[in-house]
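Here is a short tour of a two-chain model, written for someone who likes to know the cut-offs behind each number. Have the viewer open as you read.

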Amino acid sequence: MLKDITLGQYYPVRSFVHELDPRVKILLTVAFIVAVFVGGSLWAAIPITLFIIGAAKAANLPLKLLLKGIKPLRVILIFTFVLNLFFTPGDTVLLQAWKVRVTREGLTTACRFSLRLVFLVTGASLLTLTTQPVALTDGMERLMRPLAKIGFPAHELAMMMSIALRFIPTLLEEADKIMKAQMARGADFESGNLIQRAKAMVPLLVPLFVSAFRRAGDLAMAMEARCYHGGQGRTRLRVLKVGKNDYIACAVMALLIAAAAVVG
Amino acid sequence: MPIKIEHMYHTYQPGTPFKSDALEDIDFTIEDGDLLALIGHTGSGKSTLAQHLNGLLTPTAGRVLVDGQDINRKGADRKALRQRVGLLFQYAEYQLFEETVYKDIAFGPRNQGLTGDALDARVRSAFMKVHLPADALEKSPFELSGGQMRRVALAGVVAMEPEVLVLDEPIAGLDPKGRDELTDIIHELHRGGVTIVLISHNMDDVARIATRVAVLEKGRLAMLGTPREIFSRGDELEAMGLDVPQTVQLCRRLRAGGMDLPDCLTAEELCDAICAAKGGTRRGNA
């Protein structure tokens, strides 16, 4: 029941996109966001959609998986669409019933904003689906390194992120196990009103917190036992290197931004 | 209340790259009064099988029949089932959450709808069965030792008075004394009329208390029989990476050294057999 979360989950296959340098992929994701916002008209959606389909192909990802990432967003999507549809001022009235009216401008804005949301989420999932969490935080740390000069804790932040990411599946598994153990004792997590349901969470949350603290303590001890003392002078097992494929990917992205700008 | 498992399969996360077949074509029956030991290497599917017995997991294919009824049929009463088939998870001490041991043990029976004196009687009787010091009842479970917490968790399941009790590695990670005490508690529960399914890696305990043994290997049921039958196939067990009881080990070594011995399971038997082989009789109590 808790295992169906796809957003942010790594999809373990080999592909062109998987083997790109994580730093490049992070920067490309930022560039992709730029591309999404460069185009003002609806036409700009075409090159971006083509790019996403192409990128999914190059990453060996089933498109279905990418679309699944949008599912948790459906409420926001509908909300955005409806709000823009009815409340955008415009002159060309398409439909009018009582005081509610749909204008041409409203329809375009609604489509544009909902599509942008979809693009942003798929773009971000493309990054997380094709990059292992460790590589991702490595890349981030490297990208943030210049900021360390002005006292920004780049290494600590990256370490915190990789630990947090590392423990998401562990905690999910633990929650699943405790939930089952309490269900075996007759606990009911599914029925009842809001207050009853919140109360029913206590037998799940107390053991989960206790074990999260225990795990944190154990981990801190294990890190100290292996002489962890922060980022100072720490070397890497895998040194990140930008290669030919990374340049190709950058070129493709530049083309996309240009296309979006020209069309929009 | 026999539990019949019919050609059961279970696949985790089907249709994804993380897909794994945990159980394949499991087919056997847990009879009333069994103390069935479920043994197998890590990852052989023991825990997965255990969670099918009270409907926490649903088979990918095949059926689980409790008292002749498919537990996964539409409209089946899961709550009633979980009361009849109790399950204690691995490292069960981590599921405790209440302020006092008493309240934690009462969680299960309270979910069954018991209140007042009936509830109190259930809690006290379950507490008695796990041999904890009397003053522990009003303590916080988090003040107790790991082994004691484990027993509180066991009491929490026993308090629901299940007919079948499934125990997933109840003695893992305990010290030798805690292990022996818990094994004795399980043995007592079984003599008290509860059917028990015990997942264990400790073959000496299995040989001592089990009435039947099921061996899982890579998700398949590799052997099923009495401890005597199973442990006489020591070579096959060792090929699966499993131990045999110390008595069986000693017996096999003596035999390899040229002594003529029959298969022995308990220390008593082995002792008698050695004396007989040496042409004498046992004196006194061994």
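## Where the chains meet

Putting chain B and chain A together buries about 2100 Å² between them, with carbon and sulfur atoms giving 64% of that area. Buried area here is the accessible area (1.4 Å probe) that two parts lose on being put together, summed over both. On the chain B side, the residues that lose the most area to chain A are B:Y94, B:Q95 and B:F97, which together make up 27% of what that side buries. In terms of contacts (heavy atoms within 4.5 Å), 25 residues of chain B touch 22 residues of chain A.

Before going further, please keep in mind that this is a predicted model, in which local features need pLDDT of at least 70 and side-chain atom pairs count only at pLDDT 80 or more, while totals for chains, interfaces and linings use all residues. Residues are numbered from 1 along each chain as its sequence is written, chains are lettered from A and ligands numbered from 1 in the order in which they are written, and side-chain values use heavy atoms, with hydrogens and water left out.

A:R185 and B:D104 are the partners, with a distance of 3.0 Å from N to O.

Which elements of chain B give two or more residues to the side that touches chain A? They are helix 2 (78–84), helix 3 (101–111) and helix 5 (146–158). Helix 3 of chain B supplies the largest share, four residues. By class, this side of chain B has 14 nonpolar, eight polar and three charged residues. For that sorting, Ala, Val, Leu, Ile, Met, Phe, Trp, Tyr, Cys and Pro count as nonpolar, Asp, Glu, Lys and Arg as charged, and the others, Gly among them, as polar.

## Chain B on its own

Chain B has eleven helices and ten strands; helices (H or I, at least four residues) and strands (E, at least two) are DSSP runs, numbered from the N terminus. The C-alpha trace spans about 65 × 50 × 35 Å along the principal axes of chain B.

Of the 286 residues of chain B, 50% count as buried. Buried means under 20% relative accessible area, exposed over 50%, and partly exposed in between (1.4 Å probe, protein chains only). Among contacts in chain B with a separation of 6 or more, 60% come from residues 24 or more positions apart.

## Chain A on its own

Chain A has ten helices and two strands, in the order α-α-α-α-β-β-α-α-α-α-α-α along the sequence. Its C-alpha trace spans about 70 × 55 × 40 Å along the principal axes. A compact globule of 264 residues would have a radius of gyration near 18 Å, but chain A has 23 Å.

Buried residues make up 37% of the 264 residues in chain A. Of the chain A contacts between residues at least 6 apart in sequence, 74% join residues at least 24 apart.

## Salt bridges inside chain B

Side chains of opposite charge can pair when their charged atoms come close. Over all chains the count is 26 salt bridges. One of them joins B:K177 and B:E181 at 3.2 Å, N to O. These two residues are four apart in helix 6 (residues 176–191) of chain B, so they are separated by about one helical turn. B:K177 is exposed at 59% relative accessible area, whereas B:E181 is partly exposed at 28%.

B:R255 and B:D263 also form a salt bridge, at 2.7 Å from N to O. Both are partly exposed, B:R255 at 34% relative accessibility and B:D263 at 45%. Salt bridges that share partners join B:K4, B:E6 and B:R63 into one network.

How values were computed: Salt bridge = Lys/Arg side-chain N within 4 Å of Asp/Glu carboxyl O. Rg over C-alpha atoms; globule rule 2.2 N^0.38 Å.
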